[in-house]
Amino acid sequence: MTTLPPKHASASATEMVQVVLPNDANPLGYILGGTVMHLIDIAGAIACHRHTRSLLVTAAVDGLQFLHPIKVGDLIILKARVTAVWSTSLEVEVEVFSEETLTGMRKMTSRAFLTFVATDREGKRLPVPGLILETPDDQQRAAEADVRRAERLKARRELEQRELEASR
Ligand SMILES: CC(C)(COP(=O)(O)OP(=O)(O)OC[C@H]1O[C@@H](n2cnc3c(N)ncnc32)[C@H](O)[C@@H]1OP(=O)(O)O)[C@@H](O)C(=O)NCCC(=O)NCCS
């Protein structure tokens, strides 16, 4: 398979908007954390699909916080942007906002970093296209992503070790 040419993050940046319906909510009338996680995964995956034009699996999700609840009737807005690519994996940042439909008041409610791995239908890893780092901001994001990746791979190794010990 031919690797696609490098792309700008803006070429795959994704924004998803939906209204929070009663079916998405807990008894307090706030969107379920699990629903937000699902939407984060989808928004992140769409940006990464647009970047790689391949199939993907989620390898890791980190840094997820819930700062404010989002209530039924509000809009939930998810903005996803690829921050860094490596050989067969890439990181995407997903920011989540609430917007009151009647006032337009917007609040950032969550942020997460997800790592996806590009694969074919047989599960073979595929090379991902490069990311063009045009601005100092792009370069800063990618440098920070490298630091997070090192932490993630360390956490993965620790979990693998634990799995090994549990299977003895
Ligand atoms: C994620 C997964 C593909 C990694 O498998 P693996 O055998 O460790 O893969 P490889 O060693 O070939 O690594 C592939 C890439 O993923 C990266 N990677 C693997 N685990 C990672 C993690 N936890 N965090 C960040 N990157 C990770 C590797 O560094 C490598 O990156 P690179 O090629 O860009 O340098 C595998 O563990 C898996 O299939 N997990 C389940 C995925 C899943 O079911 N997700 C939810 C539903 S989609």
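The ligand has 15 residues around it, and the nearest of them are Thr-58, Ser-87, Thr-88, Ser-89 and Arg-125. Keep in mind that this is a predicted model.

- Ser-89 brings a polar side-chain atom to 2.7 Å from an oxygen atom of the ligand.
- Ser-87 works through its backbone instead: a polar backbone atom there is 2.9 Å from a ligand oxygen.
- Arg-156 has a polar side-chain atom 3.0 Å from an oxygen atom of the ligand.

**Cover and make-up of the shell**

- On its own, the ligand has 920 Å² of accessible area, and the protein covers 60% of that.
- Sorted by class, the shell holds 6 nonpolar, 5 polar and 4 charged residues.

**The largest pocket**

- The space in the largest pocket comes to about 410 Å³.
- Its lining is made of 17 residues, with Ala-59, Ala-60, Arg-152, Leu-153 and Arg-156 nearest the centre.
- Arg-156 turns up in both places, then: it has a polar side-chain atom 3.0 Å from a ligand oxygen and is among the residues nearest the pocket's centre.
- At least two lining residues come from each of β3, β6 and α2.
- The top contributor to the lining is α2, which supplies 8 residues.
- The lining splits into 8 nonpolar, 2 polar and 7 charged residues.

Methods: Residues are numbered from 1 along each chain as its sequence is written. This is a predicted model: local features need pLDDT of at least 70, side-chain atom pairs count only at pLDDT 80 or more; totals for chains, interfaces and linings use all residues. Side-chain values use heavy atoms; hydrogens and water are left out. A residue is near a molecule or strand if one of its heavy atoms lies within 4 Å of it. A polar contact is a pair of N or O atoms within 3.5 Å; within protein, one must be able to donate a hydrogen and the other to accept it, and residues adjacent in sequence count only if both atoms are side-chain atoms. Accessible areas come from the Shrake-Rupley method with a 1.4 Å probe; for residues, only the protein chains shown count as cover. Ala, Val, Leu, Ile, Met, Phe, Trp, Tyr, Cys and Pro count as nonpolar, Asp, Glu, Lys and Arg as charged, and the others, Gly among them, as polar. On a 1 Å grid over the protein atoms alone, a cavity is a set of points where a 1.4 Å probe fits but cannot get out, and a pocket is an open set with protein on both sides within 12 Å along at least five of seven lines; lining residues have an atom within 4 Å of a point. Grid points are joined across faces, edges and corners, and a volume is the space filled by probe spheres set on the points. Helices (H or I, at least four residues) and strands (E, at least two) are DSSP runs, numbered from the N terminus.
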